[in-house]
Amino acid sequence: MNNGHMIETRDLRKIYRVGEVEIPALRGVDLAVAPGEFLSIVGPSGSGKSTLFHIIGALTPPTSGEVYVAGKDLSKLSDAERTRLRKRTVSFVFQKFNLLPNLTARANIAVARYIGGNPAEPGAEFEELLRLLGISNRLDHKPSALSGGEQQRVAIARAIVNHPAILLADEPTGNLDTENSQAVLAVLRDLNNRLGQTILMITHNPEAAAYGHRTVHMRDGRIIESVG
Amino acid sequence: MTGTLVLENLKHRPMRSLLSLLLMGVPVTLILALVGLTQGMLQDARERQRGVGADVVVHGTAATSAVAFTGAPLPEGYVDVIEKQPHVKLAMGVLNHNIDLPLVIFGIDIKKFDQMNGGFTYLEGHTFQGPDDILVDRLYASQKHLHVGDAISLMGHNWHVAGIVESGKLARIAVPLATLQDLDAAHNHVTSIFVQADNPSNADLLAEELKKLIPDASVNTMADIVAMYSSNNIPGVKEFTLVIMVLGVIIGFLVVYLSMYMSVLQRTREIGILKSLGASKGFILAIIQIEAVVLAIGGTILGVIMSFGVWWLIRTLVPASIPMIIVPWWWPIAGAITLVGALLGALYPGLSAASHDPIEALAYE
């Protein structure tokens with residue numbers, strides 16, 4: 001299974017066990033995402049959006065079903081292989097930014113580059129990207145000295161520094177005001193256009209979802225609608 | 001980059017880092033102080049024995065002690081007998097009386113003492129001029145704040161400080177032999193006899209002859225006596241040092257274990273972030289282990305610095321009783337002990353961090 005898709009899932013299921021109780025988070029998700037597609041995923045809390053993200057991002061294995069990411073069958077990968085996938089193929093942008101608080105913005109980006117096995121200094125192209133993100137002059141500050149919008153733009157810079165094929169953004173504007181939200185969404189769309197990265201974005205906000213090429217609606221662990 | 005992560009983590013919680021360093025430094029200081037005390041006392045004893053200028057020493061044995069019922073088992077008459085033997089240049093009887101161990105009062109025949117080694121170097125005052133005169137060395141004078149002319153009570157007897165001498169020749173505290181014999185009821189008896197050979201190369205030959213002459217005494221060359229002042233020959237010192245070293249490992253282990261355990265707990269989310277970036281288990285474990293190594297190195301440096309503090313304190317307060325020295329070649333040993341404890345202590349927290357579930361770690365508040 002691949003069919004030219006960057007991401008493809010079939011009958012994907014995930015069940016969490018809390019003591020004796022089984023909680024189904026995904027109840028058979030079929031999804032195909034083309035390379036370079038910007039896909040928005042919307043749905044209420046508990047609809048399974050984040051679980052789908054975690055599986056595609058190789059943070060957790062599925063209970064059953066098939067999931068292919070960049071040609072790899074994630075259900076068959078070991079823990080170490082999934083770690084390698086996160087290092088080179090998939091990267092994340094989180095609602096809470098998730099920058100390392102002890103490090104400057106520059107060091108946060110450098111850590112990602114180091115873990116990804118790339119040379120310490122990114123190239124001129126990346127410097128240009130930092131200028132586009134508007135954080136060139138904020139790189140020597142720690143996260144506590146940056147605004148929410150700046151932190152999220154640093155998180156985006158960190159996510160793309162290793163040129164991953166897929167960018168997973170989990171409510172990237174959830175903690176931002178309208179102005180910063182629009183700026184971050186514009187950056188994501190620009191990155192998608194400029195670098196051709198496949199982007200999956202979870203959002204509650206229909207306006208934010210409209211930045212994507214297509215919007216998928218989830219409810220109760222299933223995809224109920226795909227628009228666009 | 002790993003170094004930046006480790007250093008920034010340590011800097012981020014300076015009080016905990018500082019306390020960890022301090023706690024890891026304590027066993028290093030304990031080890032270095034113990035070794036410094038042992039080596040210092042042995043070195044001091046060796047130097048003072050050598051300073052007598054004798055080549056052979058005759059001591060009483062258990063048998064002679066039992067006969068004499070005293071710490072002065074050798075008849076003083078042996079001194080004259082020994083002096084008449086071939087290859088003997090000079091013999092000198094000495095009476096010892098232990099006060100506050102390791103301090104000992106030596107009753108000496110000052111004329112023979114002067115002949116044997118050129119005598120004390122006087123920093124203040126002069127030699128004995130009366131039976132109640134006492135000579136003390138620089139360290140004992142410093143410890144007891146004594147000056148020439150002061151009165152001092154030892155063994156229930158009042159002494160007059162006649163002179164303060166440079167250390168390194170047999171005694172920290174010396175009194176006339178006859179006075180000490182009176183006080184100890186050891187008339188015409190001595191504890192040991194120091195014998196100077198006509199030529200130092202005859203020491204072994206002379207020792208053999210004296211063994212034949214006084215078979216119930218213990219006869220040793222000065223070279224043998226000096227060689228005996230080794231920590232290996234003092235019962236219990238080796239074992240005690242080992243116990244302190246094991247304690248060092250255990251303390252290092254516990255300090256790092258608790259510090260790293262707390263650190264890993266507080267950094268759960270950060271570990272989740274690193275994992276989401278693709279950090280392997282080995283990378284996470286390495287960060288924790290390197291942090292432990294940094295703490296161990298810092299703790300060792302602090303421990304060495306604190307050992308200088310202990311050295312200064314002891315030299316200021318009790319320089320005569322405890323002649324501690326600094327033993328630099330034990331620094332790496334103490335460091336290695338701390339490092340072993342730290343690496344062991346960081347192992348479980350490190351493995352625990354490495355095996356965190358990234359999703360749970362990212363959700364940790």
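Guide: The conversation below goes from chain A as a whole to single residues.

Visitor: What kind of model is this, and how are its parts numbered?

Guide: This is a predicted model, in which local features need pLDDT of at least 70 and side-chain atom pairs count only at pLDDT 80 or more, while totals for chains, interfaces and linings use all residues. Residues are numbered from 1 along each chain as its sequence is written, chains are lettered from A and ligands numbered from 1 in the order in which they are written, and side-chain values use heavy atoms, with hydrogens and water left out.

Visitor: How many helices and strands are in chain A?

Guide: Chain A has seven helices and ten strands. Both are DSSP runs numbered from the N terminus: helices are H or I with at least four residues, and strands are E with at least two.

Visitor: How compact is chain A?

Guide: Its radius of gyration is 17 Å, close to the 17 Å from the globule rule for 228 residues, so chain A is as compact as a globular protein of that length. The radius is taken over C-alpha atoms, and the rule is 2.2 Å times the number of residues to the power 0.38. Along the principal axes, the C-alpha atoms of chain A fill a box of roughly 50 × 40 × 35 Å.

Visitor: What share of chain A is buried?

Guide: Buried residues account for 54% of the 228 residues. Buried means under 20% relative accessible area, exposed means over 50%, and partly exposed lies in between (1.4 Å probe, protein chains only).

Visitor: Which residues of helix 3 of chain A are buried?

Guide: They are A:Ala105, A:Ala107, A:Asn108, A:Ile109, A:Val111, A:Ala112, A:Arg113 and A:Ile115. Eight of the eleven residues of this helix (residues 105–115) are buried, so helix 3 is largely enclosed by the rest of the structure.

Visitor: What do they pack against?

Guide: In chain A, the buried residues of helix 3 pack against helix 2 (79–88), helix 4 (124–133) and helix 5 (148–160). In chain B, their partners are helix 1 (2–12), helix 11 (268–276) and helix 12 (281–317). Just after helix 3, A:Gly117 takes a positive phi of about 80 degrees.

Visitor: New topic: where is A:Leu31, and is it buried or exposed?

Guide: A:Leu31 belongs to strand 2 (residues 21–33) of chain A. Its relative accessibility is 6%, so A:Leu31 counts as buried.

Visitor: Which residues are in contact with A:Leu31?

Guide: Leaving aside neighbours within four places in sequence, its contacts (heavy atoms within 4.5 Å) include A:Ile7, A:Leu52 and A:Val216. A:Val216 is 185 residues from A:Leu31 along the chain, yet their C-alpha atoms are separated by 9.1 Å.
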